Structure formats: structure tokens, C-alpha cells
Amino acid sequence: MNQHRRRFVAGFLAVPVTLYTVYVLSPCAQALVIALTDWRGVNAVPRFVGADNFRRLLGDEVFLRAAGHNLLLLALVPPLTIGLALLFAWLLTGDGAAGRTGGGAVRGAGFYRVVFFFPQVLAVVLVAVLFRQILRPDRSGMLNGPLTALGFEPVGPLAETRLALWAVLFVLVWQAVGFYVVLFSAAIVSIPRELFEAAAIDGARGGRLFLRITLPLLRDTVQAGWVYLGVAALDVFAVVWVMTAEQGGPDHSTTVMAAEVYRNAFHYSRFGYACAMGVVLFALTTGFAVLVLRLTRRERIEFR
Amino acid sequence: MSAARARLTALLSHAVLLWWTLLVTVPIAWTFLASVKSEREIFGDAWSPPATIRLDNWARAWQQAHVGRYMLNSVVVVACGTAGTMLFGAMAAYVLARYRFRGSRIVHALFVAGLALPVYLVLTPLFFVVRNTGALPLVGPFIGLNTHGGLILVYIAFSLPFTVFFLTAFFGTLPETVAEAAFVDGASHTRVFFQIMLPMARPGVVSVTVFNVLGQWNQYQLPLVLLPSDRDSWLLTQGIADISTTAGYDADWGALFAALGMAIIPMIVVHALLQGQIRRGLTAGAFK
Amino acid sequence: MTVTVRHERVIVNSPSLPSGWRAGRRTGWRGVSRRELLRGALAGLGPLALSSCAFPVGGAPPTSTAGAPRLDEDGPLEIWIFDGGLGDDYARTIHEPLVAARFPRLRISHNATKEISRTLQPRFVGGDPPEVVDDSGAGAMDLGALVQDGQLTDLTPLYDAPSWDDPSVTVRETVDPMAIELGGYGGRPYVMNYTNTVWGIWYSRPLFEARGWRPPRTWARFLDLCEEIRRSGMAPFTYAGTHPQYIYEPILTLAAKIGGRRVLTDIDNLAEGAWQAEPVRRAAAAFAEIGARHLLEGTAGLDHVQTQIAQNRGLVAMLPCGSWLENEQRGSAPDGFGYAMFPLPDFGPSDAMPYGTLHAQPGEEYIVPARSANPGAGLEYLRAMLSRRAAGRFTEAVSTLTVVRGAADGLRLEPGLESARAALAAAGGNVVTFMFRRWYSELHDEVAAASGQLMSGAISADRWAERAQRKADALRADPSVRKFTR
């Protein structure tokens, strides 16, 4: 039996662990080594430069700005997305009773859910290409056409260093909300109906019912979503790279760490330096994930 | 009184929901409008209707932009990638959740650490790895650079952390009685997994599948690096990004919008057809 | 034991692979095999795990190839063309058939992409590059880095070879010497510039004639003209706002006109204070004024296509661009648009260079990767391109001048190209150029970003110069960046 068991465990782990080791862990370990060299991406032998790349990062204004943008997105994307999604999910499912029967708290709930989910299936690149056209700063842009027709000055969010990052934020939230609406709706529907009924007998309804019953019971789902959105906010690339002027501009005003990694690696051939950036990005993401997961664990203990 | 209040609430709800509906649909609708305009009209007033409906934009996009082929490639890669991810992810998660053995904590921790791993950190070494696997005997031609096989393996590997993390938690919550009964009846470990535990975990598996399908569908960076030169094997995201640069040089904006539209329609149709399933899957799973 | 065998396999398959690849791979294998738990199961998956370490840690540096590469007439000739403003048809219809006719057994494969670096950088990294690359466009590879790493074939044998048309002269004698010089790194030619591009301010000649506007000869007249155009309800000036390199080009050309060639060579050589020299700052301030008063609405957010179409539609009168413009706008510009260009006006009486001074630059950079399977075929392909016949047909096909002397003689050119050629002829020796864009992409990016801010009024000319100077200083101080001088 014991022999059997051991073979079973090894057999089940063999493929996933091998794939993971080959494609994720080993490149990751190599990246850590490359980060300590001045490798320029072609097969000349890299020179070991110790922590030089990291020292240099501290003085790299563009990278620091990129990191700042990532942190801003980390701070804003999850709460905005989850806040909007919770609001919509609540409006769509009410106390959960209606949603279960397939209808919804409002008429057309099914329609809304389908439409809200659209941006999620469009692929980020497509969304980025789309919004580059929508936000055009002249009157041929979707946004500016009506604005200028009404006599307003045209706005060019992507051309203004102060506005461009907000445009990126908007697009990220725009794309993500629908998924979480569906996720939270599902979670609300799966809450036992008796809980709502008991609370309703106590006189709670509407917003208070949501805050006292629904939200606490959604906590696990919300936290999972928060981790996912947070990691996504730290990993933003396609939207910035495809949508913004100067690929992270204008004047570095929207650049993010992933874009700087890519730029330094594939435009400047500074693979060592780019890997050092990647290491910092990794440290930040890990730090964030560990933080949130710690919180999650604590909640679990409280519940049981 | 109460009825009037309910109506007011419903009205407000609809107002909020309609606001977001417009935010979502108007840009998409505008894309379709632009896709049947002439170039001159595209560079004219944003919302004016076209003088004549230019379906030739769509014809050009279909011929030049190969949207159909890119989409098929994407479907194949994401389908295989997700299927592999779920199979291997569930296997690993099950073992890690249900069996005690030396090193299990370390393996689990390594998978979880990958959750925070940015693809950008590993891009360059990963390229080498895939290139080298292409030189292996027998399997090489199927998993090297410019092959969908190689990309699928990479997708699986990069989706494992999330999958293992959530499924481990999920397997941990499943009741043990059924499995124990099966062991008493002499069922093998493998059998118990495939015939008892995996079906029981279905809600969790479905939720994670949805996440993985969306994640892999949206992937842009990996195909860019791993399918560099063979245009015929490109995925939709590469194709779209290329079309947008193509429009930059050839100034064929009508075709760009038509290609965007062409990529949007099947997505919306598929989603409309499957949305019930997605929702049911998420309802049952809901990340307990 | 299998480990070693597989290494040999890999190396045999790719002859260009340096020996340094082995060391790292074994480390990866050991790391995996230690995992006691998986020892048994891994036996079957071993080969996959073997491939997992690929970064060339340690080992000997690649040996440089000596002498001219031989042409393998039965070998491959893989060609990658940048599919930009010139398209890629010219290679398929003009150059490739020429080579195929002379070497019928060569296996020629034609490829095109808009993103050279994204597509081919991995192949260079992997030691499996194609034979010929047209390294151009926004996504071009960093040639400096490629040269530094010994990735490019020295083109000296090409220029010393007899010309394709007339064996009594060498290729060198048929080509514009500046083109060869500019393709040089550390005194050796590694890059073949094929086209000759002229920059200027572009306008519609029929439109200007109809309105009674004339290309200005002095900066004061230029500002007057802008005022006049604006009063007529048209925007005077624009540039590709999302690609601000389109505006630093005229700024630098004007700086050279004010202060002489030295201004640009100092910049290229990363000389101290080169960007903060008086002529550079004055030129930047002059264009900042244009930016503040005469730009097309929304310029900062429009790209080159959008601004060029705006000009075709009569929304804006002038834009700075290179002589590829007319060809690029073929199909978009209305019939009879009548492209023409004028050189930058005199800035003041003390200008170091006379009226008519032009920025002209050999471009469309072709390289022969040294680690390709058949670099000799690559050289032969370039030799065919530099034949008179090939160059003349190229100019006809894509309305672009080449570096082959006299190849465009007797051709009927489109009005815009004719205007560029006339301007180039009138400039005589007063042609300036700069190289830092090619040599130091980081400096290019920083100057471009700062120039966008300068034009939108966010920063002053002094601040602009300071930013560029700081980047140049950082590069000068960075030992990992190879320096070039001219």
C-alpha cells in the first residue's frame, strides 16, 4: 500500500512539476543570475557586475516612475473594479432570491450580465487598439466628435501627461468589471436564502441587508478577486504598450514596470538590467500576494 | 407607497445599469460604424453615418488580415492549454491537498510563489528553453519555437500556480467519507481521483477553468516571443496588434475597424451562448 | 551519460552555437535530479528537463570569423524585409529574381514584418538568424548592440568586390561614400544603407500656389507665413505627435544650420555640453514657439498617419518629414495633391550654414548576420541590390532614391521626389546628418519624449536641453555601452 501510494504521488506530480520546473522555475532562476550581469542579449559571454544593476535602478527616474504608476494602479484598480462590480451585482441579484430563479432583481438582469461581460472576452490587445481610436484627440475620435460638436474644446487624454494614466486606469477597470459582476452575482445567489429571511425579519433591507449579510459572506470571493486584480495591476503591459503614445508615454507618463522590462530587454538589449527590473517586479508582486494571502488565512481561522 | 418606492428603486437601478451598458456598448458600436465607412469618413465626423455601407472593408480585412485563421489558432491553443492546465493542475492539487509526504509543503509553496511571478522576468531564458526543447529527438518538432505545442506547454506551466493554489484549497474542503468507502472497496488511488474526487470537485474546476480560459485568451506577450516568425501560426492577439501597425503604415483604417469587428463578433456570440454555463459554474464554485 | 550525448546533438545541429552553452545546462539537470521525490518519474521526462537551462553562463567567448564568408550556392538565403513605407514587394519582384537568375540553386525565402526586432531578436539570441535583414522601422533592432556582440558580417568584401554590372569597377566606386561611412562601426562597414532620404518641410504646391503662399527663406518669413495660414482658417503646422522624433529632426537640422556641422558631431560623440550648446537651445526655442502658437489642434495625440492624412485633407499646411512621405501617402493623398518640400529657412544672418542646407541620410539598413547559415549568399544579395539596374528599378517602384550613384538618372520621378532631388542637388555639399539615433536608442527615446513635451509647452527649451544632456552624460559614463564616434 505504502509503495503504491508513493508511486501514485510521484506519478501524479511528475508532469505538472516537470513542466513547472522547465518552463517557470528554471527560467526564473536563470533570470536571477542574468540580473547580476551586463548581458546584452546575444551570445557573448556576460560579465558579472554584482548588484550594479540594482544600484542603477535606484537612480533610474523612468523606472521609479513606472514603479509608482504600478503602485497607483495596484491601489486603485482592485477597489474600483470590485466596488463597481459589487454595486452592479447587488442591483442585479437583490437579496439573491430572484437571481436563483433565473430572473433577477431588475428586469433584464440576464441581458445586463451578458453585456457587462463583453469587454472581458475581447482580449486586452483588441481593447487597447479600440481605445486608441476612441480617445483620439481630434474631432474624428468617438469621444471628441460629440464634444466638439457641442462646442467644447477637444480633450486628448492620451496626449496629456496628466491624464494618460487615468485613461489607462479607466480601460483596465472597464475591461475587468464584467467578470467580477458575474462572479459576485454567482456568489450572492449561492448564499443560503434563510440568512436573508432571518435578517429581513430583524428589519434589515436594501443597503443594510447588503452590508450586514451579503458583503461579509462574500469576503472570500472578494479577496480572491483582489489578489487576482492586484497581480494584474502589477503586471499591466498590453494596454500600456499598445494604447499609449510612445509606448508608455507621452513622456513616460503611463509607463509601467513590465513595459520598462520589455523596453530595456528588447529595445536597448540590456537583458541584465531588464532582469534586475523583473526581479524587483517579482519581489513587489510576491510581497503583495503574501500580504493578501496572510489576511485571507486569518479570516479563515475566524470563520471556523 | 411601497409600490411607488419599489418603482423608484427599480428606476434608479436601471439608470445605473444602463450607464455602464452604454459605456460598454457604445465603443463597440462605434467600431462597427467605422468599419463600414470610407477612409475619408473615418477621418471626418466621428458619429456621422457613412454615405454608403462599405462592406469592401470587411472583404479586405478578411483577405489581408487573416482574422479567421488567427482566431482558429487561438481557439486551439487556449482549448488545449486550458484542458492540460486543468488536468495536471487538478492532479497536482489533489495530491498536495490529500497526501502527506516529504517535500509536499515545499512543492506547494513553489507553486504558490509562481502566483506572483511576472512573465517579464523569465521572458528571455524562457525563449532559450523552448528553443532547446525544439532540438530534442522525436518530440522536438512539436514543442519547439513556432509550434503551438510548445506554447501550450508554456501556457500550462504558467497557469499551474493559480490552478494548483485554488484547487488545493478546494480539494481540502471536500468530504472524505465517499473516498474512504471506495478505498475500503479496493479502489486504486488513481481510480478514486478520477471517478470520485474529480467529479466532486467539479464546481471548483469549472470556476478555475473560466479564469484560465480568459487568462490564456488574453495572453499577448508569450505568443509574441514564442511564435515569432511563422505568421500562419499566430494567435488573434498578435494578429490584431499587427493589423493595428499595418493600418499605421498602409493607412487602411476601414480594414482595421472591420478586422476589429470581425474579431469581436464571434467572441460575443460564443459568450452569449455560453454565459449561462459560465454563470452556473461560478455559482457552484464561488471560491469556497 | 545521456546528458553529454544530447549536448553534442544540439551543437551539431547548430554549428554557430558557442561552447558556453554546456555548462549551464548541467546545473539545471542536477537541480532537478536532487528532488528525491521525483527521481523515478523524471526518468521519462528527463530530456525535457535537460532543455530547461539555456542561458550561456560561463564558457568561452565566440570566436570571430576570419576572412570573407563563402557563398554556398546550394544553401539557404532567408531574407527579411521591413514592411513599412516601402512595402516588401520590391524585394520579391526586383532583387530576389536577380539573385535567383544568377544562382538558381539557392533556396531563397522571402519574409516581411513590421516589427523587425520583435520578430528577429529572438533568432539572433538563439544563434539562428536569417541571411539578410532589412533592419528598419520603429521596431528596428539596436545595431550597435549587434555589432558589439559580433553578430554582423563585415561588409568590406562586399565593397571590394567587382560591381554586379561592370567587373572593372568595385562596388565601393558605385556607391555614395557617405553611405559607406555611415554604415561603419569602429571603422569597419557592417551596415549597408540602401536608400537616400532627404528631410524637409512638406506642403502641397498647388495649394500654396492657389493661396499665393511661398516657401519662406527666413525664419521671420516662416512665422509670418504661419500667421497668414492661420488667418485663412487652416492650421499652419503639425508633426507626428505620438512619435516626437519627427519634431526633433528639424530642431537638430536647424541647430546645425545655426551652429555648423560640429553641433551634430558633438551630439553624436556624446561630447560634454553638446545638447546645451547655444545653437541647439536656440533651435529648440524656435520650434517651441511654433508649438505654442501654430500647431494643428490635437497634434500631441496624433500619429504620423493621422497627421499626414490631415494634411491631405487640407486641415494643416505643413509638416516635417522625410522623402518617403509621398510614397507612403500614395492612395491617401487626393489626385493632384502635388507634394513638394522646402529646406529649413535661414534662422539669422549669423547662420553657420547657408540657405538650402539639408538633412539627408542614407537609410534602410541592410545587414548580413554573421551567424546565419549562409552569410556569403547574404553578401551576394546586397551586391545585386547595389547594381544600377536593381537600384533604378527600385527607385521607380517605390519613389525612393538610392545610394547608388546615377541610378535614378533619366527616370521620371513623382513631383515630391523630384522636389527632394532638386533640393539635394541645390544643397551640394551642405548636407548634414546625425547618428545618435542609431547608436544610442536610449538617448533617442529620451530626446523624443522631451521634444513632445517641449512642443506642448510643458517644458522650456533649457529644460529640454538639460534632459537630453543628462541622458547623454549617463550613457558616456556607462561602461557597458559601446561608444561610437565620427
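Which residues have the most contacts inside the largest nonpolar core? The views below start there. This is a predicted model, in which local features need pLDDT of at least 70, side-chain atom pairs count only at pLDDT 80 or more, and totals for chains, interfaces and linings use all residues. Residues are numbered from 1 along each chain as its sequence is written, while chains are lettered from A and ligands numbered from 1 in the order in which they are written.

**View 1. The largest nonpolar core has 346 residues.** A:Val125, A:Val239, B:Val154 and B:Ala259 are the ones with the most contacts inside this core. Helix H8 of chain A (residues 164-189) supplies the largest share, at 20 residues. A nonpolar core here is a set of buried Ala, Val, Leu, Ile, Met, Phe, Trp, Tyr and Cys residues joined through C-beta atoms within 7 Å. A residue is buried if 20 or more other C-beta atoms lie within 10 Å of its own, exposed if 12 or fewer, and partly exposed in between, with C-beta atoms placed from the backbone. Helices (H or I, at least four residues) and strands (E, at least two) are DSSP runs, numbered from the N terminus.

**View 2. Zooming in on A:Val239.** Leaving aside residues up to four places away in sequence, A:Val239 touches A:Val124, A:Ala128, A:Val168, A:Val171 and A:Leu172. Contact means that the C-beta atoms of two residues, placed from the backbone, lie within 7 Å.

**View 3. Where chain A meets chain B.** Here 79 residues of chain A are in contact with 77 residues of chain B. On the chain A side, helix H1 (residues 2-34) of chain A gives the most, with 21 residues. That side divides into 60 nonpolar, 14 polar and five charged residues. For the complex, the predictor gives an ipTM of 0.85 and a pTM of 0.78.

**View 4. Chain A, with 14 helices and zero strands.** Its C-alpha atoms fill a box of roughly 80 × 75 × 30 Å along the principal axes. Of the 304 residues in chain A, 61% are buried. UniProt, in an unreviewed entry, lists "transmembrane region" for residues 71-93, 114-135, 163-189, 226-244 and 271-295 of chain A. Positions follow the numbering used here, feature names are shortened, and such annotations may be inferred rather than shown by experiment. Residues 71-93 of chain A are 100% helix, with end C-alpha atoms 33 Å apart. Residues 271-295 of chain A are also 100% helix, and there the end C-alpha atoms are 36 Å apart.

View 5. The 109-130 span of chain B is 77% helix and 0% strand, its end C-alpha atoms lying 25 Å apart. For residues 192-214 of chain B, the figures are 96% helix, 0% strand and 30 Å.

**View 6. Confidence along chains A and C.** Chain A averages a pLDDT (the predictor's confidence in each residue, from 0 to 100) of 81. Within chain A, helix H4 (residues 97-100) is lowest, at a mean of 46, and helix H3 (residues 61-93) highest, at 92. Chain C has a mean pLDDT of 82. Over residues 1-47 of chain C the pLDDT is below 50, though this stretch has 70 contacts in the model beyond near neighbours in sequence.

Technical notes:
Nonpolar A, V, L, I, M, F, W, Y, C, P; charged D, E, K, R; others polar.
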